[in-house]
Amino acid sequence: MTTTFSHTANNEPMSLPIAVLASGRGSNLAALIDAHEAGKLPVDIVLVASDKAEAPALRSAEAHDIPTLALDPKSFANRREFDFTLFEYIYHSGAQLVVLAGFMRILDAQAIQAWQGRIINIHPSLLPKYRGLHTHRRALAAGDAEHGASVHFVTAELDGGPVIAQTRIPIHSGDDEETLAARLLAQEHRLLVACVDAIARGRVALRDGVVHCDGETLREPLRLVNGTLT
Ligand code: GRF
């Protein structure tokens with residue numbers, strides 16, 4: 001199956017309707033909103049949804065008049081019911097792409113089956129290294145010389161879907177979790193905006209489980225260099 005997004009007759013990208021899922025702070029969401037408001041990102045953020053009613057991400061969406069949704073997992077019998085309900089709302093929002101930006105839940109395989117190639121996640125490690133939590137701590141503990149972040153298409157496997165692009169930063173000798181996380185976060189914002197932009201413009205798509213860029217199979221993740229994917 002191929003998912004590509006629409007263009008106008010003169011090949012200008014249409015605004016791609018996107019939904020953003022976030023459980024917390026929402027700095028990646030803010031980066032998307034800023035890029036959109038600066039006229040640099042051809043998307044329409046049609047929904048911001050969270051599993052935490054108090055998530056700051058919801059407050060920043062409200063401040064920008066973006067529709068929000070808070071669903072409490074405790075109101076559902078199980079994870080699958082929560083996820084099916086969440087994706088029902090997303091479907092009705094008109095979103096064609098779902099961006100997981102600090103959404104701290106594993107998604108049910110059946111609930112996302114129909115969304116293959118239309119969900120991406122940002123993860124703070126150089127995947128396939130350090131899936132899951134505490135990525136900065138683990139990179140430091142391993143004595144890695146560099147760290148980074150990845151944007152990937154979401155599959156049922158946690159942080160395991162095909163990687164679209166990565167950004168890399170050096171680890172300095174004086175780094176601790178906090179300094180490393182803060183330095184990486186600034187790059188994450190650029191990486192996520194660049195990836196959403198590439199998908200919205202139809203440059204990047206998932207075909208038969210493989211990432212394609214500009215019509216070619218991607219043999220290794222794109223790299224973010226000076227704010228541009230190469
Ligand atoms: C980011 O580090 C992202 O990579 C990870 O969770 C964090 C979310 O940060 N998945 P924010 O809520 O976007 O500020």
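How do the residues lining the second largest pocket divide into nonpolar, polar and charged? The structure is a predicted model, in which local features need pLDDT of at least 70, side-chain atom pairs count only at pLDDT 80 or more, and totals for chains, interfaces and linings use all residues. Residues are numbered from 1 along each chain as its sequence is written, and side-chain values use heavy atoms, without hydrogens and water.

The lining of the second largest pocket comprises five nonpolar, two polar and four charged residues. Here Ala, Val, Leu, Ile, Met, Phe, Trp, Tyr, Cys and Pro count as nonpolar, Asp, Glu, Lys and Arg as charged, and the others, Gly among them, as polar. Among the lining residues are Lys40, Arg190, Asp197 and Arg203. α5 supplies the largest share, five residues. β12 (228-229) supplies at least two. The volume is about 220 Å³.

A pocket is an open set of points on a 1 Å grid over the protein atoms alone, where a 1.4 Å probe fits, with protein on both sides within 12 Å along at least five of seven lines; lining residues have an atom within 4 Å of a point. Points are joined across faces, edges and corners, and a volume is the space filled by probe spheres set on them.

The largest pocket holds about 890 Å³. Its lining has 33 residues, with Gly102, Phe103, Met104, Ile122 and Pro124 nearest the centre. These 33 residues divide into 14 nonpolar, 13 polar and six charged. α1 (27-37), β5 (119-123), α4 (135-141) and α5 (177-200) each contribute at least two. α5 gives the most, four residues. Helices (H or I, at least four residues) and strands (E, at least two) are DSSP runs, numbered from the N terminus.
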